[in-house]
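Please keep the sequence and the coordinates at hand while reading.

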Amino acid sequence: MALPAYDDSRPRHASSPLDQEDPLSDLDAFIAGLPKAELHVHHVGSASPRIVAELAARHPDSAVPTDPEALTDYFTFRDFAHFIQVYLSVVDLIRDAQDVRLLTYEVARDMARQNIRYAELTVTPYSSTRRGIPDAAFVEAIEDARKAAETELGVVLRWCFDIPGEAGLTAAEETTRIACDLRPEGLVSFGLGGPEIGVPRGQFKPYFDRAIAAGLHSVPHAGETTGPQTVWDALTELRAERIGHGTSSAQDPKLLAHLAEHRIPLEVCPTSNIATRAVRTLDEHPLKQMVDAGVLVTINSDDPPMFGTDLCVEYGVAARLLDLDAAGVAALAKNAVEASFMDSAAKAALTAEIDDYTAAWPR
Ligand SMILES: [Zn+2]
C-alpha cells in the first residue's frame, strides 16, 4: 500500500468490482472454487468489516461501530483523509495479544471462504510492539493462530515481516531484531512497505543483509509509486527474490527482460494500483506487458477490504485484462505456487490440486 498516492477523487466503494450485480459468471464460479495461493496481502489491511466488528466489540470505548452493516458504511471512504482515519482506527483496535490472535485467525477464515490454501501474509510487528504489545506475545499470538488456521480451516499461513518504511531505521532495527532473534516457525521472508517517495530502498540494506543471513527471503515493495529505478535498487541493494507490485517495471524493457530471465516474480495487485492511483485506470494497467515480456506474474489483493476487493475479484480482473479462460486463470494460480516459498513437495501437491480441479471443470 502506498498511502501518499491514494486516489481521493472518488468514493472508494462506488466503483468497486464487488458492487457489480451480475450473476456469478462461469469464470467467476471457476475462480471461486479454484485452489489458490496469495503472496501479497497485509495483516491489518485484511481486517474485513466482520473482523473489525469483532475487534470493536472487545473495545467498546473505541469510536468504531460494532454492527457489520454500519461498518460497511464506515468502510466507504469519502476521501484520502477519511481513508487514513478509518485505517488508523482499525490499527487502534489491535491493542493486545488476543486482538492479534483474533485478527490473524479471522483473516484465515476469510481466506478459506475464497479457497485460498496458502498465503504469505505481510505482518508489521513494529506497529504492535510500538503500541506496547511485547514482541514475544505478538509472535506467540500469530503462531497460535497460524497453527489453528492450518488444522481447523485448512489454510497454511506463512509470514513476511515487513519494515514500515515511513517509520525509518528505528522500525528497521526493531523488525530485524524480532525476525532474527524470535524467528517464528512460520516466518519465511522479510519485506519493506509504506511509501517509496523519499524512502530510498538502499538505506535498508544492512537490515536485509542480516535477515538474508538468517535464512529469510527478500521481498520488498518497489516500483509501486516510483519508477523502475526503485525496482533495480530493490534487486541490487536488497537482493529481492520477488518484488511487491513492481508496477513501473513495465516502463523499462531492460528491467522486464532481467525479471523474466532471472525468473524474479512480480506480486501484482490490480485494484490496489487503481485505488492508490499508481495506475490511472484498469485499461492502462501494465499486467499484459509484463506477461508478454515473459515475467512470472502473480495476482494478489494487497489490503482487500480497504480496496473493496478480494483475491477472487482480482483473478476476475486479471482474466479480463489478459483475456483468459479457465485454463489461463489456472495457469496464473500455478504461477503463485511456483513463486511462493513453499517447499517443493507442497508446491507439487497444490499444483496437482489446481490441475485436478481444472480438468474436472465444468462440474
Ligand atoms: Zn502491499
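How many bridges join strand β5 to strand β6? In this predicted model, strand β5, which covers residues 217-222, is connected to strand β6, residues 243-245, by two bridges, and the two strands run parallel. On the β6 side, H245 is the bridge partner of A222.

## The sheet

The pair belongs to an open sheet of eight strands with parallel pairing, arranged in the order β1-β2-β3-β4-β5-β6-β7-β8. Because β1 (36-42) and β8 (297-299) each have a single partner strand, they stand at the edges, and one side of each is left without a neighbour in the sheet. On average, and with direction ignored, neighbouring strands of this sheet are turned by 25° against each other.

Helix α8, made of residues 168-182, lies across two of these strands, β3 (156-164) and β4 (187-193), and its direction is at about 150° to β3.

## Overall dimensions

The protein contains 16 helices as well as eight strands. Its radius of gyration is 19 Å, close to the 21 Å that the globule rule gives for 363 residues, so the protein is as compact as a globular protein of that length. The C-alpha trace spans about 50 × 45 × 45 Å along its principal axes.

Of the 363 residues, 50% are buried. Among the contacts with a separation of 6 or more, 75% are accounted for by residues 24 or more positions apart.

## Helix α5

Helix α5 comprises 17 residues, 97-113, and reaches 25 Å from its first C-alpha to its last, which is close to the 24 Å expected at 1.5 Å a residue. The buried residues of this helix are V100, R101, L102, L103, T104, Y105, E106, V107, A108, D110 and M111. These buried residues pack against α2 (49-58), α6 (125-129) and α7 (135-153), and also against the strands β2 (116-123) and β3.

An α-helix has 3.6 residues a turn, so residues three or four places apart point the same way. After α5 comes N115, whose phi is positive, near 60°.

In sequence G198 and E166 are 32 residues apart, while in space their C-alpha atoms are 8.8 Å apart.

Conventions: Residues are numbered from 1 along each chain as its sequence is written. This is a predicted model: local features need pLDDT of at least 70, side-chain atom pairs count only at pLDDT 80 or more; totals for chains, interfaces and linings use all residues. Two strands pair if DSSP finds at least two bridges between them. Helices (H or I, at least four residues) and strands (E, at least two) are DSSP runs, numbered from the N terminus. Axes are lines fitted to C-alpha atoms, for helices over the stretch in contact, and angles run from 0 to 180 degrees between N-to-C directions. Two residues are in contact if their C-beta atoms, placed from the backbone, lie within 7 Å. The radius of gyration is taken over C-alpha atoms; the globule rule is 2.2 Å times the number of residues to the power 0.38. A residue is buried if 20 or more other C-beta atoms lie within 10 Å of its own, exposed if 12 or fewer, and partly exposed in between; C-beta atoms are placed from the backbone. The expected span of a helix is 1.5 Å times one less than its number of residues.
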